[in-house]
Amino acid sequence: MWIYTPPAPQSGWKRWGRHLVLFLLTVASVFVTGGLTGVVVPSGETFLALDVGAGVRLAAGLLGILFAHEMGHYLACRYYRVDATLPFFLPAPFLSMVGTLGAFIRIRAPIPHRRALFDIGVAGPLAGFAVCLPVLWFGLKEARVLSLEPEAGGIFLGEPLLFQWVAHLIHGPLPEETTLTLGPLGLAAWFGLFVTALNLMPIGQLDGGHITYALLRKRAQRISRIGSWVCVGLVSVSYTHLTLPTS
């Protein structure tokens with residue numbers, strides 16, 4: 001995602017300091033969110049523990065995808081000599097199941113022409129998707145096939161088509177009454193695909209909205225309205241065989 005704002009004089013802190021601090025806070029937030037797990041001791045009590053490996057995998061996978069997405073926009077802006085900021089990352093400890101609300105850059109100069117608008121808009125999703133593919137592969141390699149027990153806990157997620165194809169390629173057809181339990185990399189890939197798909201919706205200030213305006217300027221507003229209502233309808237549709245780990 002990117003937002004246009006007028007240019008203003010900047011100090012060195014605004015050029016890179018805030019971006020670095022927000023990025024480090026987001027790394028910590030995603031790491032802790034991915035690493036926290038409940039441990040049951042012999043006495044039956046449950047304590048919170050930090051799984052360093054899980055936290056590192058979630059942070060590396062998810063932030064790698066988000067960083068590639070935003071740098072795709074940024075480098076396209078540099079190519080067309082459009083003034084833009086470095087990415088702003090948004091930490092969200094305990095408010096998001098992955099520890100972040102995403103990232104964005106600010107466009108501080110007008111887009112010179114429709115080709116530049118298209119290229120800047122599409123560069124982010126393409127770059128993020130390219131990084132998401134290996135994260136998805138390794139994430140589904142670490143996923144476990146478990147039986148669906150009536151008392152099983154966890155959070156069930158919808159199945160993107162790409163998840164289904166790669167899961168079938170790695171694990172083959174799943175037996176009846178079974179599901180894939182995702183690890184940190186699988187969760188990172190799922191949210192990476194979600195963010196990419198969400199940004200490609202042909203709506204308003206999303207990347208897809210900018211791409212649609214660059215291609216179909218006169219029809220972009222109508223398409224945006226239709227797309228908004230379609231998204232509202234899709235919210236009520238879900239089907240799942242994927243779940244997060246319960247311990």
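Analyst: Of the chain's contacts with a separation of 6 or more, 75% join residues 24 or more positions apart, a contact being heavy atoms within 4.5 Å. This is a predicted model, in which local features need pLDDT of at least 70 and side-chain atom pairs pLDDT 80 or more, while totals for chains, interfaces and linings use all residues. Numbering runs from 1 along each chain as its sequence is written, and side-chain values use heavy atoms, without hydrogens or water.

The chain holds seven helices and nine strands, which are DSSP runs numbered from the N terminus (helices H or I, at least four residues; strands E, at least two). Of its 247 residues, 40% are buried; buried means under 20% relative accessible area, exposed over 50%, and partly exposed in between, with a 1.4 Å probe and protein chains only.

Strand E3 (46-50) and helix H2 (52-79) each supply at least two of the patch residues. Val32 belongs to helix H1 (residues 12-35), and counts as partly exposed because its relative accessibility is 31%.

At the start of H2, a side-chain oxygen of Asp51 comes within 3.2 Å of the backbone nitrogen of Gly53. The 28 residues of H2 should span 40 Å at 1.5 Å a residue, and the end C-alpha atoms, 39 Å apart, agree with this; the expected span is 1.5 Å times one less than the number of residues. Arg81 follows H2 and has a positive phi, near 60 degrees.

In H6 (residues 207-215), seven of nine residues are buried, among them His210, Ile211 and Thr212. Leu140, in helix H3 (residues 114-142), is buried because its relative accessible area is 0%. Beyond neighbours within four places in sequence, Leu140 is in contact with residues including Phe163, Val166, Ile170 and Leu182. The C-alpha atoms of Leu140 and Gly186 lie 5.8 Å apart, across 46 residues of sequence.

Note on methods. Polar contact = N/O pair within 3.5 Å; in protein donor to acceptor, adjacent residues only side chain to side chain.
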